[in-house]
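Q: Can you walk me through the charged side chains in this one? Keep it quick.

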Amino acid sequence: IMYVVDLASFQIVDANEAALNFYGFSREVLLEKRLPDLNMTPEPEIRAEIKRAVSEGRSYYMFKHQLASGDIRDVEIYANPISIDGKDYSFSIVHDITERLRAEEALKASESRYRALFTNEIYAICVFEINSGTILEANDAWMRFYGYQKEELTFLSIKDILADPLSSKGYVAESGRVSQGLIRKDRHVRKDGSEVVVEFSALSFQWKNRELMHLLIRDITKQTEAEEKLVESQSLLAETQKIAHLGSWEYDVQTERIKWSEETFRIAGMKPVDSLPVQVYLDTLHPDDLPMLQTAMERAVTEKAPYELELRHKRPDGTYNTTQTRGKPVFLNGELVKFIGSVQDVTEIKKQAAERLKLENQLQQSRKMESIATLAGGIAHQFNNALTGIMGNIELLEMEIQDQDTATQYME
């Protein structure tokens, strides 16, 4: 893109085809224009910039030019002064640098964002060389988290922060597939020897023919400990429910689906699933118990109070078990949203109670018979005592009247 300008008047006196195509004017229209007609900069500033360029010994300057379409383009102009018939002109070569400047601005913005991210106080960030493991850069948050000073970075390798140094091989092995980013967990070790659980995102990139990896690290030690305690608590709860044959349940009145604990599924003899339609549960109820449950739940909603009752459920094998079922309604902003409760298999307890009652009845009957026998024995003993006296007296009387046959006959 070239044109010739009269330096005294800034009139464009000639232009090549490339200039016509770039600016979008015909030759006649373009040659009628002065340089300020194309330039978005006021004329005094244009002249001042040209003077600065001359004083600085540079032959170029940058302006914004407007095309016939109205588009604004950034241009870099290389000017060569020439003299023709005693008049001073400038032979100018124009380069459209719009895209270059946009790319530079984008790069600056990207670098600014990266620098802002790298120096942030929230996440620990470091960059290390994949082949050697050498840590090349780390932000202040990283230093504080791991307990190192800036001057110690020179001597640090990625292996120095890994609880298991062998896991560094995994980092390298995965480097080929983390160009799009990778998130994983690991155990790291601080300078003082304390171990922490971290979650990091990794991204590999090339810089000056070196394979590097960028790590953004977040401490999740407390979160992991809380999760482990939760798992332990849930496991203990499940085991306790199993021992006590006590399960839990939750019924969502909006979705009409019910969730059971593992022990509840075990009591029902069913395979655990995430949730199931409440009708599946109702179908397991003994027909005579369904009205009782409906009445109890309706009363619980009306009185906003818990309920408790015994229900019989049919298991997949056709047998019935008996459960002690407790439940209560849950309200949100005055609206019923769900029921929650517990269920305990009391089948064996009921059987044992029945057996105990049977044994108690047998024992009571046995005691009654023993009492009767004791009473009968006492009566017989008293009767025998009376008979003994009578028989003794009769024997004495026989001895006295043994010669009186008629009297002896009557006594006998």
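This is a predicted model: local features need pLDDT of at least 70, side-chain atom pairs count only at pLDDT 80 or more; totals for chains, interfaces and linings use all residues.

Q: How many salt bridges does the structure hold?
A: There are 24. The term means a side-chain nitrogen of Lys or Arg within 4 Å of a carboxyl oxygen of Asp or Glu.

Q: What does Arg266 pair with?
A: Glu263, with the closest N and O atoms 2.2 Å apart. Helices are DSSP runs (H or I, at least four residues), numbered from the N terminus.

Q: Is Glu263 buried or exposed?
A: Buried, at 2% relative accessible area. Arg266 is partly exposed at 38%. Buried means under 20%, exposed over 50%, partly exposed in between (1.4 Å probe, protein chains only).

Q: Which residues share partners in a network?
A: Salt bridges join Glu49, Arg52, Glu56 and Arg58 into one network. Glu56 and Arg58 come within 2.6 Å, N to O. Glu56 is exposed at 52%, while Arg58 is partly exposed at 21%.

Q: And Glu195, what does its side chain meet?
A: Arg187, in a salt bridge of 3.2 Å. Glu195 is partly exposed at 44%, and Arg187 is partly exposed at 40%.

Q: Switching topic: where is Glu228?
A: In helix 8, residues 221–244.

Definitions and conventions. Residues are numbered from 1 along each chain as its sequence is written. Side-chain values use heavy atoms; hydrogens and water are left out. Helices (H or I, at least four residues) and strands (E, at least two) are DSSP runs, numbered from the N terminus.
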